[in-house]
Amino acid sequence: MEMSLSEKLTYSTVLIRCKYADGTIGSGTGFIINLCQNDETRTCVPVIITNNHVVENSIETQFEFCLQDEEGNPIDNKSFSITYRDNAWIQHPDKAIDLRCLPVANVLRELEKRHVKVFYIPLEVSLIAKTEQLESLSAMEDVIMIGYPTGLSDKYNHKPIIRKGITATHLKKNYQGKKEFLVDIACFPGSSGSPIFILNEGTYHIGNDLYAGSRIVFVGVLYGGPQYSAAGDFVLMNLPNMPQPRSLTQIPMNLGVAIKAELILAFEEKFSNHKLENEEQFNG
């Protein structure tokens, strides 16, 4: 039985657990996307993308994948963990953008040599919202966010948590003049790096027209949210990588700030502008 779009998306994210230089630990969300897809050579640059603040100063980062059987089907209740101790995370060309990526072709190639078959379904850049798509959207669109709030997951089936909400600002606008937007959705520590999609299965509207079929549009990556402090101060902050002690807890407004997905394309441009090394490319 073929997977639905929503089920496929649950295989595109990874739970990220970090051990930081100061001895603390934390978690966040990452997602796998294929950059620089070349249909002629059947190569791409697979990367894991998350927020800069999730992995900054991490001295040991762990990712978890589910395994696959000999027919290429996922074995949901069997997982394989990869522990990463290097520092090859690539910062976004614009350092003000809270995104980093990690090329994983070399890791995937090494797993193949060891006959370890992990199952994942990468996102494609073709899913990223284009300008004309954003222009056609309404001011309020249903969205889903996939990730690991407070590190929570279905541990038995190795699946992320799906949350649903609406856009709180118009996607065709740049919130506060930045390539960002607000979502009305519950956001907790660990949700940083979660991809956000418009996903319709069955029917959907564009303007006043009703369409039959399914639609998926990759619109953004969560990184923070407006919160009140215990003292009543209003702040816009990155979502922390771990729950804070009650006395220090910021009070969330159930609003999240997301980076527009189009900014991911700067990573693809960065790879395209230099000669790709063998360890970066992977046969798709």
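## Basis

The model is predicted: local features need pLDDT of at least 70, side-chain atom pairs count only at pLDDT 80 or more, and totals for chains, interfaces and linings use all residues. Residues are numbered from 1 along each chain as its sequence is written, and side-chain values use heavy atoms, with hydrogens and water left out.

Strand β2 covers residues 25-38. Strands (E, at least two residues) and helices (H or I, at least four) are DSSP runs, numbered from the N terminus. Of the 14 residues of β2, 11 are buried, so the strand is largely enclosed by the rest of the structure. Buried means under 20% relative accessible area, exposed over 50%, and partly exposed in between (1.4 Å probe, protein chains only).

Two strands pair if DSSP finds at least two bridges between them. β1 (residues 13-20) pairs with β2 in the antiparallel sense over 7 bridges. Here L15 stands opposite T29. The hairpin has 4 residues between the strands, and G23 takes a positive phi near 95°. β3 (residues 43-50) also pairs with β2 in the antiparallel sense, over 6 bridges. N38 has T43 as its bridge partner in β3. This hairpin too has 4 residues between the strands; R42 takes a positive phi near 55°. With β9 (residues 123-124), β2 pairs in the parallel sense over 2 bridges. There, N34 is bridged to E124.

## Nonpolar cores

A nonpolar core is a set of buried Ala, Val, Leu, Ile, Met, Phe, Trp, Tyr and Cys residues joined through side-chain atoms within 4.5 Å. The largest has 30 residues; I33, L35, I49, F218 and I264 have the most contacts inside it. Elements giving it two or more residues include β2, β3, β14 (209-228) and α5 (265-272). Apart from this core lies another, of 22 residues, among them L67, W89, V104 and V118.

Contact means heavy atoms within 4.5 Å. Not counting residues up to four places away in sequence, I264 touches several residues, including F31, I33, L35, I49 and F218.

## E180

E180 lies in strand β12 (residues 180-184). E180 is buried yet has no salt bridge (a side-chain nitrogen of Lys or Arg within 4 Å of a carboxyl oxygen of Asp or Glu). The nearest side chain of opposite charge, K178, is 4.9 Å away. Lys and Arg count as positive, Asp and Glu as negative; His and the chain ends are not counted.

A polar contact of 3.0 Å joins the side chains of E180 and Y223. Such a contact is a pair of N or O atoms within 3.5 Å; within protein, one must be able to donate a hydrogen and the other to accept it, and residues adjacent in sequence count only if both atoms are side-chain atoms.
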